[in-house]
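Take a look at the protein shown here. The paragraphs below walk through it step by step.

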Amino acid sequence: MSQLQKTFTKEIAAKLQKDLAIKNVMAVPRLTKIVINMGVKDAVSDKKSIERMGAMIATITGQKPKVTRAKKAIAGFKLRQGDAIGLVVTLRGKRMYNFFEKIIAIVLPRIKDFRGVSRKSFDGRGNYTLGLHEQSVFAEIDPGSIERLQGMEIIFVTTAQNNEQGLALIEGLGMPFVKETKKAA
């Protein structure tokens, strides 16, 4: 069991139960999975790029990614149905908590001019999406080995019922959100 997972079960869950006025401890929102999604820019023209990015995501997450394929053909992009266009990894359990710890402790502080993540990226059901513009912020990736910068999307899926519960959960786990500014009336 990771350190964050132990802290969640011992301290954070009780605090969330009190703050959100939830009677049953089993109804407290929890993090269920983290999904890392990457659309590979030049996958159609360079077939090896999927393999290179797949190895990079496997290094970052510790899990082999699944290749996503095009559902429709789009002539303007020279894309055929069934072409490999992206990668996706779903993390659960111990790997999920370890990855979350890595995001908040190592990755986000390495971003230039980082002042916190936006509070507006919730989907209405308590799930949070974080977009990264480049993969070089991960400590495992050698910046010299990167041929082309590639962004990725990280989705934190929770059992929260709404955005307020999702925000309380993810903030309680340690996500550094942008400080809210109070407007003068």
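What follows moves from the overall layout to the core, the salt bridges and the pockets.

This is a predicted model, in which local features need pLDDT of at least 70, side-chain atom pairs count only at pLDDT 80 or more, and totals for chains, interfaces and linings use all residues. Residues are numbered from 1 along each chain as its sequence is written, and side-chain values use heavy atoms, with hydrogens and water left out.

Start with the layout. The chain holds four helices and five strands. Here helices (H or I, at least four residues) and strands (E, at least two) are DSSP runs, numbered from the N terminus. Along the sequence their pattern reads α-β-α-β-β-α-β-β-α. The C-alpha trace spans about 55 × 45 × 35 Å along its principal axes. Of the 185 residues in the chain, 41% are buried. Buried means under 20% relative accessible area, exposed means over 50%, and partly exposed lies in between (1.4 Å probe, protein chains only). Contacts also say something about the fold. A contact means heavy atoms within 4.5 Å. Take the contacts between residues at least 6 apart in sequence: 67% of them join residues at least 24 apart.

Now go to the core. A nonpolar core is a set of buried Ala, Val, Leu, Ile, Met, Phe, Trp, Tyr and Cys residues joined through side-chain atoms within 4.5 Å. The largest one has 45 residues. I34, F99, F100, F138, F156 and M175 have the most contacts inside it. Helix 1, strand 1 (31–39), helix 2, strand 3 (84–91), helix 3, strand 4, strand 5 and helix 4 (163–172) each give two or more residues to this core. Helix 3 gives the most, with seven residues.

I34 is found in strand 1. Is I34 buried or exposed? I34 has a relative accessible area of 0%, so it counts as buried. Leaving aside neighbours within four places in sequence, I34 is in contact with V89, T90, L91, M96, F99, F100, I154, I155 and F156. Not counting residues up to four places away in sequence, F156 touches L31, K33, I34, F100, N127, Y128, L130, I170 and M175.

Next come the charged pairs. Side chains of opposite charge can pair when their charged atoms come close. A salt bridge is counted when a side-chain nitrogen of Lys or Arg is within 4 Å of a carboxyl oxygen of Asp or Glu. How many salt bridges does a search of the whole structure find? The search finds four.

One of them joins D19 and K15, with 2.8 Å from N to O. Both residues lie in helix 1 (residues 3–19), four residues apart, about one turn of the helix. D19 is partly exposed at 48% relative accessible area. K15 is exposed at 55%.

Another pairs E51 with K48, and their closest N and O atoms are 4.0 Å apart. These two lie in helix 2 (residues 48–61), three residues apart, again about one turn of the helix. E51 is exposed at 52% relative accessibility, while K48 is partly exposed at 49%.

E140 and K102 also form a salt bridge, with the closest N and O atoms 2.8 Å apart. This pair links distant parts of the chain, 38 residues apart. E140 sits in the loop between strand 4 (128–132) and strand 5 (152–158), and K102 sits in helix 3 (residues 93–107). E140 is partly exposed at 34% relative accessibility. K102 is buried, because its relative accessible area is 14%.

On a 1 Å grid over the protein atoms alone, a pocket is an open set of points where a 1.4 Å probe fits, with protein on both sides within 12 Å along at least five of seven lines; lining residues have an atom within 4 Å of a point. Grid points are joined across faces, edges and corners, and a volume is the space filled by probe spheres set on the points.

The largest pocket holds about 290 Å³. It is lined by 14 residues, and I111, K112, H133, E134 and V137 are the closest to its centre. The lining divides into seven nonpolar, three polar and four charged residues. In this count, Ala, Val, Leu, Ile, Met, Phe, Trp, Tyr, Cys and Pro are nonpolar, Asp, Glu, Lys and Arg are charged, and the others, Gly among them, are polar.

The second largest pocket has a volume of about 240 Å³. Its lining includes D42, R52, M56, I141 and R148.
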